[in-house]
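Take a look at the fold below.

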Amino acid sequence: MSVTPATAAQPSARPAPAFRGRIGRDARSGHYAVPRRYRLHLAAADPDCLRIAVTHSLLGLDAVCPVTFLPAVPDCPDGGHSALRPLYEASAHHYTGPALAPVLSDDWSGRIVSSHGPDIARDLARRFGGGRAALYPCGAESQIEAVERMCAQGVEAAAQRAGAADAGEGERAAALDALLATLGVLESGLGAHRYLISDQVTAADVELWVALVQLDTVHRCHLDAEAVRRIADHPALWAYARRLAALPAFGAHLDLDAVARRHHARCQGLEAAGAAVQILDWATHAADGAAIRPQVNRP
């Protein structure tokens, strides 16, 4: 698939991260790649965390960068995780915000390196991925960034607005049109390669797959049945999502019960008829990966 980056910057659908350090090339950068120096803290029901969990598995980094999996639903009133509170407080004096996942922490200092999902995924691939899957192939960065924007704005943000209870009918219809237009572009782009932009899995596939998971397991609950039917009418796109779900690196991290619990804990919208119209039987397609799904554990 050839993706042309947008000419104008669009606002991010993700919240601003509290920490945004990076893993550098060598000791001069402060944070540099050392096996088992860093730890990931993930709640895989969260989309950003799910992207990182899939990336981590594709790169085979279990022995290099351990993962602590957190409960699907945060246990603090502010939406944060109590298990992450010590890390946040050690990393910022008098920190008062929520202790959110994802987190990449430094075991040497006991502090947070980054809580910015896209940066974490890139650093895992670039600093620890030598000799493993090339998730950010040379020359493909602009295409991957374009897919990220399409997923964030044209899929996730548009789907959320299309089902928003506080939006007018015209606004919801326009958002649905934007969502369908984006899905149409992605649908027409599939076929030139085995995956979205290459014959190998890249970060673009991780991004799109997680967006499709959210679309079918979360956003459709607030759409009417006709809207979900139109969304489902992209056979190549959903066949692609089904094929990726069957890969252990993807399917192993798809905990549908956790996604549902997180959605119900956070959602303030009204359930619509589309909630009863499941597009994919994710549980069946991810069955092979489910046998090795990581268990929730605490730091």
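At what angle do helix 4 and helix 6 pack, and how far apart are their axes? Helix 4 spans residues 141–162, helix 6 spans residues 203–217, and they pack at about 5° with axes 9 Å apart. Helices here are DSSP runs of H or I with at least four residues, numbered from the N terminus. Axes are lines fitted to C-alpha atoms over the stretch in contact, and angles run from 0 to 180 degrees between N-to-C directions. Helix 4 and helix 6 are therefore roughly parallel, a label for angles under 35 degrees.

This is a predicted model, in which local features need pLDDT of at least 70, side-chain atom pairs count only at pLDDT 80 or more, and totals for chains, interfaces and linings use all residues. Residues are numbered from 1 along each chain as its sequence is written, and side-chain values use heavy atoms, with hydrogens and water left out.

Contact means heavy atoms within 4.5 Å. On the helix 4 side, the residues that meet helix 6 include Ile144, Val147, Cys151 and Val155. Helix 6 contributes Ala204, Leu208 and Leu215, among others. The residues of this contact divide into 10 nonpolar, no polar and three charged.

Threonine 182 lies in helix 5, residues 169–189. Its relative accessible area is 12%, so threonine 182 is buried (under 20%; exposed is over 50%, partly exposed in between, with a 1.4 Å probe and protein chains only). Leaving out residues up to four places away in sequence, threonine 182 touches Met150, Gly154 and Val155.

Now the cysteines. Cysteine 76 is partly exposed because its relative accessibility is 23%. Cysteine 221, at 12%, is buried. The disulfide count is zero, with a disulfide taken as a pair of cysteine sulfur atoms within 2.5 Å.

How values were computed. Helix = DSSP H or I, 4+ residues; strand = E, 2+ residues; numbered from the N terminus. Parallel < 35°, antiparallel > 145°, perpendicular 65-115°, else oblique. Nonpolar A, V, L, I, M, F, W, Y, C, P; charged D, E, K, R; others polar.
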